[in-house]
Amino acid sequence: MISIKRILVIAGFSLLIVCLGIAAFTTWYTVDESEQAVMITLGEVEEGISEPGLHFKWPWPIQHVEVLSKETFSLQFGYEENADGDVKDFPKETKMITGDENIVLADMVVQWKITEPGKYLFNSENPQEILTDATSASLRSIIGSSKIDDALTSGKVEIETQVHELLSSLIEKYDIGVSILAVKLQDVDLPNDEVRKAFTNVTDARETMNTKINEAKKYKNKRTEEAKGEKDALMSKAQGDKTARIENSRGDVAKFNAVYSEYAKAKAITEKRLILETIEDVLPNAQIYIMKDNGDTMKYFPLNGATQPVPPVNEEGSVKNGQ
């Protein structure tokens, strides 16, 4: 029979082999480039390890390591897409009321990553569930203060920004060791076909109204520019007329001054010349006879441009005809 001493020796040797085996397999660990590790010493969480490669530690149960991913995760809120691309919707999760008391269905994707592994492991029992609830609360809060037009059309970017800010603040308060990278509304739709059709009609009417308004503004701007052009042309023409009249007036003044200067030198001759020029202007086809005091007819200068002389007439004929 085997003695008790031998049994104890065998048991002790077996225990030593087990301890050595545990030490051999639990005193080292590796961290990949896409991973991060948390060292736990006697139940106390130490600083995380993110440097890739081979690392050593005390054997279990003194120290053990929890390895987590550094990749970016996507939370699909309101739907689920499998590896084959099939999408399953959850309308009960996404049905919410807008600020103007309309019902919409809103799906969202939240991109997040683990930034504090220790808090992610031990500050909450299920951090992903907390993240999902916080996403639902944030989205419902922002949609509840937005109009349906903003949620369905041009206000999506603003809604995404507000949801991102609110969700980040909630996650920071919960302190679960994750960070929100991005928020993206996947689909915002109306709950049924009848409501969707009515909203489409309203939207089409609004687009038509905006188109007409834009066309009217375009026509207004066109006519305004044309009117400005016409105004500028009239102003330019008026300025030109003003300048021309001023110059003409200056010319008339200069002419008058020249005539007056000559008149001052020889009043009688100037008066006769002015009389003849006036007659020429008033009676352009008249023929002027210049007579001597003795009644003899002299050569005359016709104002219509003729230069031939008129035969002399006797004094009696001239007197008789009143010339």
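Contact here means heavy atoms within 4.5 Å.

## Model and confidence

This is a predicted model; local features need pLDDT of at least 70, side-chain atom pairs count only at pLDDT 80 or more, and totals for chains, interfaces and linings use all residues. Residues are numbered from 1 along each chain as its sequence is written, and side-chain values use heavy atoms, with hydrogens and water left out.

pLDDT is the predictor's confidence in each residue, from 0 to 100. Its mean over the chain is 78. Of the residues, 76% reach 70 or more. Helices (H or I, at least four residues) and strands (E, at least two) are DSSP runs, numbered from the N terminus. Among these elements, helix H6 (residues 156-174) has the highest mean pLDDT, 93. Helix H9 (residues 315-320) has the lowest, 43. Over residues 313-323 the pLDDT is below 50, and this stretch has 10 contacts beyond near neighbours in sequence. Residues 299-308 also stay under 50. That segment has 19 contacts beyond four places in sequence.

## The nonpolar core

A nonpolar core is a set of buried Ala, Val, Leu, Ile, Met, Phe, Trp, Tyr and Cys residues joined through side-chain atoms within 4.5 Å. Buried means under 20% relative accessible area, exposed over 50%, partly exposed in between (1.4 Å probe, protein chains only). The largest such core has 32 residues. Met-108, Trp-112, Leu-139, Ile-171 and Ile-180 touch the most other members. Two or more residues each come from strand S6 (73-77), strand S10 (103-114), helix H4 (127-144), helix H5 (148-152), H6 and strand S11 (178-189). S10 gives the largest share, 6 residues.

Trp-112 has contacts on several sides of the sequence. Leaving aside neighbours within four places, they include Phe-73 and Leu-75, Tyr-120, Leu-131, and the run Val-178, Ser-179, Ile-180 and Leu-181.

## Strand S10 and its partners

S10 is mostly covered, with 9 of its 12 residues buried. Strands count as paired if DSSP finds at least two bridges between them. S10 pairs with S6 in the antiparallel sense over 5 bridges. Here Phe-73 has Trp-112 as its bridge partner. S10 and S11 also run antiparallel, joined by 10 bridges. Leu-105 stands opposite Asp-189 in S11.

Strand S9 (residues 95-97) is joined to S10 by 3 bridges, again antiparallel. Ile-97 stands opposite Ile-103. The hairpin of S9 and S10 has 5 residues between the strands. In this hairpin, Glu-101 takes a positive phi near 65 degrees. Most residues other than glycine have a negative phi.

Ile-130 is found in helix H4. Ile-130 counts as partly exposed because its relative accessibility is 26%. Beyond four places in sequence, Ile-130 touches Ser-124, Tyr-174 and Ile-176. Ile-130 and Leu-170 are 40 residues apart in sequence, yet 9.9 Å apart in space, C-alpha to C-alpha.

Ser-146 lies in the loop between H4 and H5. At 9% relative accessibility, Ser-146 is buried. Its side chain reaches the backbone oxygen of Ile-142 at 2.8 Å. Not counting residues up to four places away, Ser-146 touches Thr-98, Gly-99, Asp-100 and Ile-159.

Asp-175 sits in the loop between H6 and S11. Its phi is near 55 degrees, a positive value in a residue other than glycine. At 28% relative accessibility, Asp-175 counts as partly exposed.

Key:
Polar contact = N/O pair within 3.5 Å; in protein donor to acceptor, adjacent residues only side chain to side chain.
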